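Student: I have a model open and would like to learn how to read it. Could you walk me through it, one feature at a time?

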Amino acid sequence: MSSKMDQDQDKPAVYSLAEVTASQVDRYRNITSRHKERYGKFPDFLARAPGRVNIIGEHIDYSGYSVLPMAIQQDIVMAVSTNNSGEINLTNTSSKYSDFTTSIKDFKINSTKPSWYNYFLCGVKGILEFSKLSDPVGLDVTVDGTVPPSAGLSSSSAMVCCAALSLMHANKLAISKMELADICMRCEWYIGTQGGGMDQAICFLAKEGYAKLVDFRPLRATDVKLPTGFVFVIANTCVEMNKAATAHFNVRVVECRLATQIIAKAKGLNWREIRSFGELHKKLGLSLQEMLAVVEEILHQHPYEKKEVCQILGVTDEELNKESLSANTLDVEQFKLYNRSKHVFSEAERVESLRHGNITEGSTLGRILFDGHHSGSVLYECSCKELDELVEICRNAGAIGSRLTGAGWGGCTISIVPETLADSFLAEVRSKYFEVDPKRLERVDQNLFVTQPGNGAHLVEDNFAEF
Ligand code: ADP
Ligand code: NG1
């Protein structure tokens with residue numbers, strides 16, 4: 001692993017059209033002409049933000065633990081021009097997402113079943129709050145996305161990060177990639193999802209050819225060279241799970257918080273001040289293995305009823321709601337604190353074993369992926385029957401490691417496959433998972449593919465009238 005953190009202090013790259021790869025040219029031309037049709041003018045610039053796939057370290061970023069994602073080729077691209085009317089006008093190349101207009105200085109973000117444009121507004125709000133801009137320019141924007149939505153490949157964060165980058169550039173603000181990652185990390189909280197920052201970090205800090213070991217508090221990203229002789233394959237179950245429209249995600253965040261606070265209280269700490277396993281861990285000064293032993297010592301295996309949690313912490317129902325729960329978890333009555341804690345500490349340990357071990361060893365990484373899936377499925381219960389089935393299909397097709405990736409409850413698997421088996425692996429997964437269902441087969445090319453570590457977010461500025 002080599003550390004190239006200095007580059008993260010740089011601003012996002014700005015390319016000219018001559019520097020754009022041949023594969024991007026047709027798409028960019030199409031977005032540019034859609035923009036001209038809709039707004040009667042060419043864009044001033046394009047902003048591009050990639051999706052990501054997480055190799056290992058699932059559901060631990062919001063507990064403060066390190067993760068190992070890489071950017072993928074699929075992305076969100078926005079064609080942007082400015083207006084003097086103080087409006088945000090949004091149009092999308094997909095007819096699934098209808099046009100939207102609002103004032104740039106006065107808008108609301110809807111967090112219950114959020115429509116697509118709310119993700120754009122999250123990015124705008126983040127930059128406005130950071131920069132304290134009092135008179136931002138209006139934006140006319142055409143959005144085009146290739147990240148499969150609600151599939152654990154971070155389409156929502158690519159939207160948020162791309163919007164933030166667009167507003168930054170339109171207002172000639174100079175913000176480093178590291179600062180952008182840090183700002184955008186909090187942006188999706190506006191929509192109600194209490195995520196941990198992995199997606200936004202890799203979106204801005206990714207570097208072609210490398211995965212990144214991302215550490216939090218403070219944010220750091222270290223280049224990681226992946227094992228040679230293997231390919232990484234993404235397969236989508238085609239089951240969509242929208243994080244912000246369901247409580248699954250925040251229930252897990254809250255379960256981690258309650259387990260943290262119960263352990264903190266048992267250890268004589270001020271539990272109200274400690275909100276994540278990472279903070280607790282630091283205060284106790286223990287190793288991850290020792291934290292696993294603390295879980296055994298303090299938490300019982302059967303689920304905790306809400307009133308039991310209140311009794312242990314010595315608070316009323318209302319106080320617990322205010323101190324520890326989120327708006328969409330107030331009605332949850334049972335919390336599986338033991339299992340969730342076991343997942344978090346063992347998953348964090350899997351990431352650490354790679355930091356200190358030999359990540360270029362394919363078989364080690366493979367075993368870690370299978371172990372991670374088992375833990376996510378059994379202890380964290382963020383899998384689903386299609387994900388479990390797909391992991392088994394991938395294992396039987398020759399993967400030396402495979403697991404759910406991203407938030408889960410649907411979405412994608414990532415598998416590590418010996419290069420020599422890549423073609424037969426793809427053929428077998430296609431036949432066993434996609435060909436059995438005409439709906440899956442219809443979009444197999446977008447949902448079953450080899451991926452390489454891609455680049456982070458960037459801008460393209462040129463004379464688009466001559467494009
Ligand atoms: P993910 O795991 O992909 O981040 P989420 O369910 O959190 O999934 O977010 C998906 C949402 O992001 C979509 O429902 C949509 O509102 C928004 N989104 C994703 N891709 C696009 C796109 N190309 N254009 C507009 N909005 C998009
Ligand atoms: P996706 O897969 O994009 O829904 C979510 C969180 C991440 C992380 C993963 C699980 C957001 C924006 N993203 O990602 O921070 O917690 O789940 O590892 O909340």
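Student: What should I keep in mind about the model itself?

Tutor: This is a predicted model, in which local features need pLDDT of at least 70 and side-chain atom pairs count only at pLDDT 80 or more, while totals for chains, interfaces and linings use all residues. Residues are numbered from 1 along each chain as its sequence is written, chains are lettered from A and ligands numbered from 1 in the order written, and side-chain values use heavy atoms, without hydrogens and water.

Student: Which residues have a positive phi without being a glycine?

Tutor: As a general idea, most residues other than glycine have a negative phi, and most peptide bonds are trans. E381 has a positive phi near 50°, and S154 has one of about 70°. S154 lies in the loop between β6 (138-145) and α3 and is buried, with a relative accessible area of 7%. Helices (H or I, at least four residues) and strands (E, at least two) are DSSP runs, numbered from the N terminus.

Student: Where is there a cis peptide bond?

Tutor: Look at R217 and P218, which are joined by a cis peptide bond with omega of about 0°. P218 belongs to the loop between β7 (211-215) and β8 (220-224).

Student: Which residues come nearest to ligand 2?

Tutor: A residue is near a molecule if one of its heavy atoms lies within 4 Å of it. There are 20 residues around ligand 2, and E58, H59, D61, D199 and K243 come nearest. For polar contacts, look for a pair of N or O atoms within 3.5 Å; within protein, one must be able to donate a hydrogen and the other to accept it, and residues adjacent in sequence count only if both atoms are side-chain atoms. Here a backbone N or O atom of H59 is 2.7 Å from an oxygen atom of ligand 2, and a side-chain N or O atom of K243 is 2.7 Å from an oxygen atom of this ligand. The protein covers 97% of the 440 Å² of accessible area that ligand 2 has on its own, by the Shrake-Rupley method with a 1.4 Å probe.

Student: And which residues are closest to ligand 1?

Tutor: Of the 17 residues that surround ligand 1, the closest are N92, S150, S155, S156 and K243. Oxygen atoms of ligand 1 lie 2.6 Å from a side-chain N or O atom of S155 and 2.6 Å from a polar side-chain atom of S156. Of the 570 Å² of accessible area that ligand 1 has on its own, the protein covers 93%. Helix α3 (residues 155-170) gives the largest share of this shell, three residues.

Student: What about the largest nonpolar core?

Tutor: A nonpolar core is a set of buried Ala, Val, Leu, Ile, Met, Phe, Trp, Tyr and Cys residues joined through side-chain atoms within 4.5 Å. The largest one has 126 residues, and I55, L68, M78, F120 and L299 have the most contacts inside it. α3 gives the most to this core, with eleven residues. Domain 1 (3-225 + 454-466) and domain 2 (247-342) both give residues to this core, so it lies between them; the domain bounds come from an automatic or database domain assignment.

Terms used
Buried means under 20% relative accessible area, exposed over 50%, partly exposed in between (1.4 Å probe, protein chains only).
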